[in-house]
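Please look over the sequence and the structure below before reading on. The paragraphs after them go through the fold step by step.

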Amino acid sequence: MTDLYYDVHGSGPVLLIIPGGAGHPMGLGPLTEALADRFTVVVLDPLGLAHGRLGSPVDDQRVEDWSDSARRVLDSVLADGDTAYALGTSAGAIVALDLLARHPERLRHVVAHEPPCVGVLPDGHRHRAMFREVVDTYRTAGLRAAAARMTAGLTDQPATAAVSPLTSQPLTREEELGNPMALSLAHVLVPFTSYDPDLTALASAPLTLAAGTDSRGHLLYRTAEFTARRTGAAFAEFPGGHLGVAQHPDAFAEHLVGVVGFGERGHDRSPTASA
């Protein structure tokens, strides 16, 4: 059984946040602060990257393992019979979908923001191939080239962005282990985008699929819309784009409060915890 890594802020009903990328909660501080006066905000760090494990060896990751960690965290912070809200973004949104499908008894409402579960789309095989190309590009040409390839894929632009070989080179293993974005490309992106959510289990679940207003017309906006239609879940637009949680934390937080239907400050407060 793996160790659990998470942080707890504020007080009120529990809101679990599952970050994207390699699960490092970097950039989530302002969002957490904006929510902590209404929720006990529990921020999952699946690989412990913000808890002293950045630089340690990392294997290829599984959605189900992150989901199991999230469930164990909820078991540790919730009283028997209590439920939590959950927000997952990007790769974390895929985890949130798996968590809701397998452990609905622990969740009050889940918001999945731009999950890259592109296999749900009619042409999902093409988009999965794009993510594999991103990883291949990372392996041969480095982070900047891979980021350019992924941006082109997400925005449906031609993959013609040229990156100078003088400024973009493959990372060493040591450099990779110290870089959360590199770890995401090396060990998270392909297995997570290859995951198929259980649409039947999600059809009766308390779920909102979400996408950023700046992502309209982009791949992950369409993925969220399509998943909402297939499951009968609600669909909501949030401020910003794919990184709206970091780009517009205050506006994102206010929108989240409205979407989950919790708008009264001070309601249902519980003691602050820490881990």
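Helices here are DSSP runs of H or I with at least four residues, and strands are runs of E with at least two, numbered from the N terminus. By this scheme threonine 223 belongs to helix H11. The model is a predicted one, so each residue carries a confidence score, the pLDDT, from 0 to 100. The chain average is 92, and 91% of the residues score at least 70. Over residues 263-275, however, the pLDDT is below 50, although this stretch has 23 contacts in the model beyond near neighbours in sequence. Where pLDDT is low, the predicted coordinates should not be read in detail.

Start with the sheet. Seven strands make up an open sheet with mixed pairing, and their order is E1-E3-E2-E4-E5-E6-E7. Strand E1 (6-10) and strand E7 (234-238) are the edge strands, each pairing on one side only. From one strand to the next the twist averages 20°.

Strand E2 (residues 14-18) shows how the pairing works. E2 pairs with strand E3 (residues 40-44) in the parallel sense over four bridges, and leucine 15 stands opposite valine 41 in E3. E2 also pairs with strand E4 (residues 84-89), again in the parallel sense and over four bridges. There isoleucine 17 is opposite leucine 87 in E4.

Which way do the side chains of E2 point? In a regular strand the side chains alternate between the two faces of the sheet. In E2, Val14, Leu16 and Ile18 point one way, while Leu15 and Ile17 point the other way. Why is E2 described as largely enclosed by the rest of the structure? The reason is that five of its five residues are buried.

Now turn to helix H11 (residues 219-231), which lies across strand E6 (207-212) and E7 and runs at about 160° to E6. Threonine 223, in this helix, has a relative accessible area of 0% and is therefore buried. Leaving out residues up to four places away in sequence, threonine 223 touches Pro115, Cys117, Val118, Val120 and Leu121.

Two residues deserve a look for their backbone angles. Most residues other than glycine have a negative phi. Serine 90 has a positive phi, near 55°, and sits in the loop between E4 and helix H4 (91-102). Serine 90 counts as buried because its relative accessible area is 16%, and the cut-off is under 20%. Glutamate 114 also has a positive phi, of about 50°, and is found in the loop between strand E5 (107-113) and helix H5 (124-141). With a relative accessibility of 2%, glutamate 114 is buried too.

Finally, is proline 57 buried or exposed? Its relative accessible area is 67%, so proline 57 is exposed. Proline 57 is in the loop between helix H2 (49-53) and helix H3 (63-77). Its C-alpha atom is separated by 19 Å from that of phenylalanine 192, which is 135 residues away along the chain.

Terms used:
Residues are numbered from 1 along each chain as its sequence is written. This is a predicted model: local features need pLDDT of at least 70, side-chain atom pairs count only at pLDDT 80 or more; totals for chains, interfaces and linings use all residues. Side-chain values use heavy atoms; hydrogens and water are left out. Two strands pair if DSSP finds at least two bridges between them. Axes are lines fitted to C-alpha atoms, for helices over the stretch in contact, and angles run from 0 to 180 degrees between N-to-C directions. Contact means heavy atoms within 4.5 Å. Buried means under 20% relative accessible area, exposed over 50%, partly exposed in between (1.4 Å probe, protein chains only). pLDDT is the predictor's confidence in each residue, from 0 to 100.
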